[in-house]
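Reader: I am new to reading structures of this kind, and I would like to go through one slowly. Could we look at it together, one question at a time?

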Number of protein chains: 4
Amino acid sequence: QRMPTLDYLERAARRRIPRFAWDFLEGGTGADVGIAENRAALDAVKLVPRYGAPGPVDTGVDLFGTRYSAPIGISPVGVDGLVWPGATQLLATAAAKARIPYVVGTLASASIEEVAAFAGDCTWFQLYGLPGRDHLVTLDLVRRAEAAGARALVATLDAPVRSKRPRDLNNGLVVPFRTTARTVRDVALALPWALALAKAGTPQFANMAPYVAAPATLPKTAGFVQSEIKGTFSWEAVKRLRDAWPRALVMKGILHPADAEMAISIGVDGILVSNHGGRQLDAAPAAIDVLPAIAAAVGSRATVLYDSGIRSGLDVARALALGAASTFCGRAFLIGLAGIGDGGADYVAELLTEEVQVAMGQLGVRDLASLKDVERRHAGAFAFRP
Amino acid sequence: QRMPTLDYLERAARRRIPRFAWDFLEGGTGADVGIAENRAALDAVKLVPRYGAPGPVDTGVDLFGTRYSAPIGISPVGVDGLVWPGATQLLATAAAKARIPYVVGTLASASIEEVAAFAGDCTWFQLYGLPGRDHLVTLDLVRRAEAAGARALVATLDAPVRSKRPRDLNNGLVVPFRTTARTVRDVALALPWALALAKAGTPQFANMAPYVAAPATLPKTAGFVQSEIKGTFSWEAVKRLRDAWPRALVMKGILHPADAEMAISIGVDGILVSNHGGRQLDAAPAAIDVLPAIAAAVGSRATVLYDSGIRSGLDVARALALGAASTFCGRAFLIGLAGIGDGGADYVAELLTEEVQVAMGQLGVRDLASLKDVERRHAGAFAFRP
Amino acid sequence: QRMPTLDYLERAARRRIPRFAWDFLEGGTGADVGIAENRAALDAVKLVPRYGAPGPVDTGVDLFGTRYSAPIGISPVGVDGLVWPGATQLLATAAAKARIPYVVGTLASASIEEVAAFAGDCTWFQLYGLPGRDHLVTLDLVRRAEAAGARALVATLDAPVRSKRPRDLNNGLVVPFRTTARTVRDVALALPWALALAKAGTPQFANMAPYVAAPATLPKTAGFVQSEIKGTFSWEAVKRLRDAWPRALVMKGILHPADAEMAISIGVDGILVSNHGGRQLDAAPAAIDVLPAIAAAVGSRATVLYDSGIRSGLDVARALALGAASTFCGRAFLIGLAGIGDGGADYVAELLTEEVQVAMGQLGVRDLASLKDVERRHAGAFAFRP
Amino acid sequence: QRMPTLDYLERAARRRIPRFAWDFLEGGTGADVGIAENRAALDAVKLVPRYGAPGPVDTGVDLFGTRYSAPIGISPVGVDGLVWPGATQLLATAAAKARIPYVVGTLASASIEEVAAFAGDCTWFQLYGLPGRDHLVTLDLVRRAEAAGARALVATLDAPVRSKRPRDLNNGLVVPFRTTARTVRDVALALPWALALAKAGTPQFANMAPYVAAPATLPKTAGFVQSEIKGTFSWEAVKRLRDAWPRALVMKGILHPADAEMAISIGVDGILVSNHGGRQLDAAPAAIDVLPAIAAAVGSRATVLYDSGIRSGLDVARALALGAASTFCGRAFLIGLAGIGDGGADYVAELLTEEVQVAMGQLGVRDLASLKDVERRHAGAFAFRP
Ligand SMILES: Cc1cc2nc3c(=O)[nH]c(=O)nc-3n(C[C@H](O)[C@H](O)[C@H](O)COP(=O)(O)O)c2cc1C
Ligand SMILES: Cc1cc2nc3c(=O)[nH]c(=O)nc-3n(C[C@H](O)[C@H](O)[C@H](O)COP(=O)(O)O)c2cc1C
Ligand SMILES: Cc1cc2nc3c(=O)[nH]c(=O)nc-3n(C[C@H](O)[C@H](O)[C@H](O)COP(=O)(O)O)c2cc1C
Ligand SMILES: Cc1cc2nc3c(=O)[nH]c(=O)nc-3n(C[C@H](O)[C@H](O)[C@H](O)COP(=O)(O)O)c2cc1C
């Protein structure tokens, strides 16, 4: 096991994919302060183990009526095919194999129909708003997700504006993408990635194909994404989603208890506490620091989920101790693909699951619910004004 | 957009201007501790976004009866022409174009009259005290600023003594300036700067020309500055400024609520909270840390402005959330000029304005006033003794 | 004295032993965060010296009826022979010579009988649980330890599951161990270690020999260890140890006052506060930070001992000031062997003892008990929920 | 002014003196944690300037009836001649010229009589205890200091035991000193130092000459120092000093208010708060952090002085704001000598005095007493148990 932790995979990934792909995956907004703070804030959560009651641990978790094997899921990463060509299908297969939820993105490189075929009841669908023509396309995506059998609809709230990604801008990773000498050199230095590209083909915005005039070339779908996906959902729009979608509805990107409150009043089923992995607002608090206040506010009225900064099973245990029912990772699974290749997402699923087991065993708890009782220190916990 | 943030511009600037110019711009006093703390203190201000109410944002701000397009202005940087030859005119033009206030300095390299011709009602004038002959020159400068149409007079309080700038002293950047082998080498390595110098000519203390015997050579005006500009204004002198100047009067460099109180009792219109970008007292608190207490003390009796450490639109949002009506940057605009060349100040104005919009959009506020309601954490906020 | 502190020895050790041995000794779990925090937390404990009452200091300590010369002991390091071939015997001899307790491990490379022959009443025995066949082997080890004359039985509680050691996994240091090109190169670069290996022979799990079919080859005993040693002791099993062992019983690895309470209710004599040197749970608090709460809970009902992160006599003084009766070090003694060779453990014992004397003298205390009265600052002290 | 601050001098010094001399001067005890914390703790003291009342500043200070020109003095550095051959005379001359007190050490390389001849009423004498023959030599030194006209006797309390100086031990800088190949190479690389040595001759323990059989060779005096100077003063011994010495008596190295209390009850005149520049106990609090509590305890019953970590006039201002009447520096003046050569101590005296003036001017205070009223933040201030 030459890659015992995500850190090792990360080092390998850096060498194996082009610099613009690496920067796209790892970069944040502003000066990447938010990313560093997610890490530091998680590390600062201390948990005190109890001993003397060893026994087998159960990592299983029920989410919206489906049982998954571990409190870990795959967060949506738009244009994941840029990080590793073919990523969407590989993630879908890995999710199904590990029996963990995969929140496939509106901007994934395979369509929701294809993904559902692979991932079955591990399929969840992430939705961005396309407000044009009174949300015509938005609602069509919802309809398609339902038809495909997605178990949950995850509407992303935290991208009201296009946030600034300095590394991408500096790399010229913008629409329309123009190949430069630097791009060519970067790709040439990243042979494993180039081979994966040759096999999987150029990443597409597969979900968008029906909405542009055939043939759905990349420039056309990219242009469509660029012009149509904008703003976040208004609460008004959330109400319409609630009406249109019969299964579990999750709001992704909540950082303030009052927004959780609002979402619950509209009838959502899940609150995904997240700061988008530090990619939206460099002054946002570390997501883990707002988790306790939101979990307390939500209580049992909705399922609290968490992502942002999770890099190990121990991080998963931290989030569960602080109030989450389950967690998701964005970068971790793509780091797996980039660091190992096509089997990388399966590897990460196993790695994290095993680490959750070890953390639980070490902490002296046998089931996930008991994590909430673990003695902890969380000096960074955010105190909201009443 | 190869230069997506100030950080990128800064890296470019370092390569393009001579070392003594770079050190002059970036250096502080003592061990540059104050500069690092301005940065760290701003980064430590956390803001919690709210979602679900997207909409267009308005960055416009009224200051002393004039409307500007964004809560950003250009702070005075004396001898700016050393950093980028021709800077004063370029800043004046950029301010007018972006419709943001430009506080041109007593020590700028173009005169207040020239600047006002370019900048119109974006012209503000920064005043240093020349106590000689009962403030004869000071008051003449005030008169000239009024005649030129400056909208606000900004009197700098925070330079009661010549503070120590170790890097400048080490570089021999003192009056009289003597060219050394190192200077020559530094200039030779900084071609873009040398070309700008050839075009714009040696920077002058243009505002001082009337006060020395013609012809106003650089050695003569520099000697005049060296011997005449000294100390800060006494409150007595501030009263005389108040009497002499009919438009908005701003005190620059306030760090203590009691000084704000005193200024208000004399009838000033604005309080510019600033620690001079960390250049005066290495033990001074980060300026952002005293802002809330001063804003609370001032209330609505005067307009609270802020500078020191602002490097992004997000920093602007932080300062506004903590009580400022608008902000200013000293180094940022010169970093633009140094990093890009003549268009650099325009570029920075656009960059910061766009970043303010993104930050507001991301925070879920539509106008600047709402920033004050954003949930925040500001552990460094200074508690003054009652 | 070219090696005045452990830091100097550590630098030497790094050069003298193979990389896999170094990583085995120094590595932790996860990202080695716990190790760094043990260090930082100890450094953060400030002690205020008192002057004016100089005098000779007494470092002697009574533990469970035996007098030792200093409040320092050797913690068990399983497979210590990997770090320095022949370590177990060398440690036993050093302990006897310095008159400090040596907690020899279940997994040591010499048997408890051999160790006791060298170490006499400085022998303590560390026990891991072998739950198979109703703890048959566990109890046989207890019997042997008693027969050999061990003064205390130290049952390790903090290894309920096999924790993850990323560096070992990356180095392929797993059972069965396979020699790779990298191993060979590492050994070749570490001549002193290779010579020690030639002299001492391959490290064995000497205590396990009776339990496998003769001849007890390394693969056989290693396989036995791998399959039989698992889980921690349950409180039920602790009760059986209590019944089976007539002398001092110590529980090692306690981090929570409630576990100390439980242990005391079963009748244990000692509580060894430890986070296993940061090797079990990367989110565990620094061991020193939980020491005061546990010492307060235990009071005089049991003897509180401490290990984890001790690197100097000053660290010993810190732990005693915060409530420990005596301390132990795992890595320090092996760093001595690795850094100097066969005399290294004796050297470390002298070094630490002398440092304890200096620290006491400097603090103005004459005996160990007075350390508890030293004025201190310990901002990191953990506050447990009531 | 190519050397505008101590930092610049320090960099120069490092290149100009042999490594063992550098390590001797800069090194601390343990892992040099205490030195770093003195610096960090001073930097963490924030002072808020007040403006609007400019005016000339007065740095003069009365200490025990003598007026000095600035609140800065030279702390004793034993064997100063090792750092810069001829140091003691150069320091004495510099003190007299700048009119600041020089606490010449028992272990200085010129005798108290020689120093007093140069330094006049700027002479203070630092005393170590030589308890042999009922303090015969100690009291003879006191008598000589009185005869020589020293204004104050400064008895060092904080060296009850020989503290460990890892760098010196590693460099072989111990009695008897043996020249090694490394020593020779170090000296050869430090030409300025070698020249100074050639001029000034080998540093001597000049004060000890009368107490060894003539001729007083270095090995003889060094051996005498090694065997006779030991332990700190007991309070009993302090009483005898009080009786024997008619002028100002200062206790050096106080870190605990209760020790200050004890000293005052014996009738001492001054309390020098110091942690010996971080050289005695690596766990001691930063000296500046205990200053306020000690100053509060002492009140006006004695004169509170401060040293440890002072590197600028701003640091002086910090210490005065927190309760000291005046400050001292150990390393700073020797860094001056090492960095510049024979004129270096004069240079440092001017530099620090000018920096104190600038700091006062910038803070808006005109005399030293007003520094105590400056608004400050001192989060590290130590709270002693009642
Ligand atoms: C490269 C990248 C692209 C992302 N794209 C999306 C997206 O299209 N929709 C979305 O809701 N979240 C997106 N996210 C956010 C992730 O869903 C998730 O919230 C985040 O990655 C969690 O932090 P982590 O990467 O530290 O696990 C993206 C994240 C990354 C790193
Ligand atoms: C090189 C330089 C020169 C300056 N000259 C002046 C000046 O002549 N008058 C003045 O009031 N402030 C002066 N300042 C301070 C600025 O007006 C402003 O307060 C400061 O730069 C704000 O911090 P920032 O650079 O981090 O934005 C100067 C600042 C710099 C960096
Ligand atoms: C390489 C290594 C192996 C260890 N093996 C054991 C062991 O077999 N049993 C045990 O109870 N503790 C074991 N420990 C933990 C030590 O007994 C001790 O708790 C720890 O090393 C203390 O921290 P320190 O190394 O910072 O002194 C081991 C520690 C190390 C470093
Ligand atoms: C190399 C060196 C030698 C010293 N020798 C003595 C000494 O002989 N007697 C004494 O009282 N203090 C001695 N000190 C301590 C100083 O007097 C003073 O307390 C300390 O240097 C203050 O800290 P600073 O160096 O940061 O200014 C010595 C300090 C150094 C650095």
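Reader: How far apart do the closest C-alpha atoms of chain B and chain C lie?

Author: This is a predicted model, and in it no contact joins chain B and chain C. Chain A and chain D likewise do not touch, and their nearest C-alpha atoms are 17 Å apart. For chain B and chain C, the distance between the closest C-alpha atoms is 17 Å.

Reader: What scores does the model get, and what is the mean pLDDT of chain A?

Author: For the model as a whole, ipTM is 0.97 and pTM is 0.97. Where pLDDT is low, the predicted coordinates should not be read in detail. In chain A, 100% of the residues reach 70 or more, and the mean pLDDT of the chain is 96.

Reader: Which three residues of chain C lose the most area to chain A?

Author: The size of an interface is often given as the accessible area lost when the parts come together. Between chain C and chain A that area is about 3,000 Å², and carbon and sulfur atoms give 56% of it. On the side of chain C, three residues together make up 21% of what is buried, and they are Lys164(C), Leu281(C) and Arg385(C).

Reader: What share of the area that chain B buries against chain D comes from Lys164(B), Leu281(B) and Arg385(B)?

Author: The contact between these chains takes 40 residues from chain B and 30 residues from chain D. About 3,000 Å² is buried between chain B and chain D, with carbon and sulfur atoms giving 57% of that area. Lys164(B), Leu281(B) and Arg385(B) supply more than any other three residues of the area that chain B buries there, and their share is 21%.

Reader: What kind of axis relates chain B to chain D?

Author: Chain B can be superposed on chain D, with an RMSD of 0.0 Å, by a rotation of 90 degrees that has 0.1 Å of shift along its axis. Because of this, the relation is that of a four-fold axis.

Reader: Which residue of chain B comes closest to that rotation axis?

Author: The distance to the axis is taken at the C-alpha atom, and for the closest residue of chain B that distance is 8.7 Å. The residue in question is Ala379(B).

Reader: How much of the accessible area of ligand 3 does the protein cover?

Author: Among the 21 residues around ligand 3, those that come nearest include Pro76(C), Thr156(C) and Asp307(C), and the shell has six nonpolar, ten polar and five charged residues. A polar side-chain atom of Tyr128(C) lies 3.0 Å from a nitrogen atom of ligand 3, while a nitrogen atom of the ligand is 3.2 Å from an N or O atom in the side chain of His276(C). A polar backbone atom of Gly330(C) is 2.8 Å from an oxygen atom of ligand 3. Of the 600 Å² of accessible area that ligand 3 has on its own, the protein covers 98%.

Conventions: Residues numbered from 1 in each chain as written. Chains lettered and ligands numbered in written order. Predicted model: local features only at pLDDT ≥ 70, side-chain atom pairs only at ≥ 80, totals over all residues. Heavy atoms only, no water. Near = heavy atom within 4 Å. Polar contact = N/O pair within 3.5 Å; in protein donor to acceptor, adjacent residues only side chain to side chain. Areas by Shrake-Rupley, 256 points an atom, 1.4 Å probe, with all protein chains shown as cover. Nonpolar A, V, L, I, M, F, W, Y, C, P; charged D, E, K, R; others polar. Least-squares fit on C-alpha atoms with pLDDT ≥ 70 in both. pLDDT = per-residue confidence, 0-100. Buried area = accessible area lost by both parts, 1.4 Å probe. Contact = heavy atoms within 4.5 Å.
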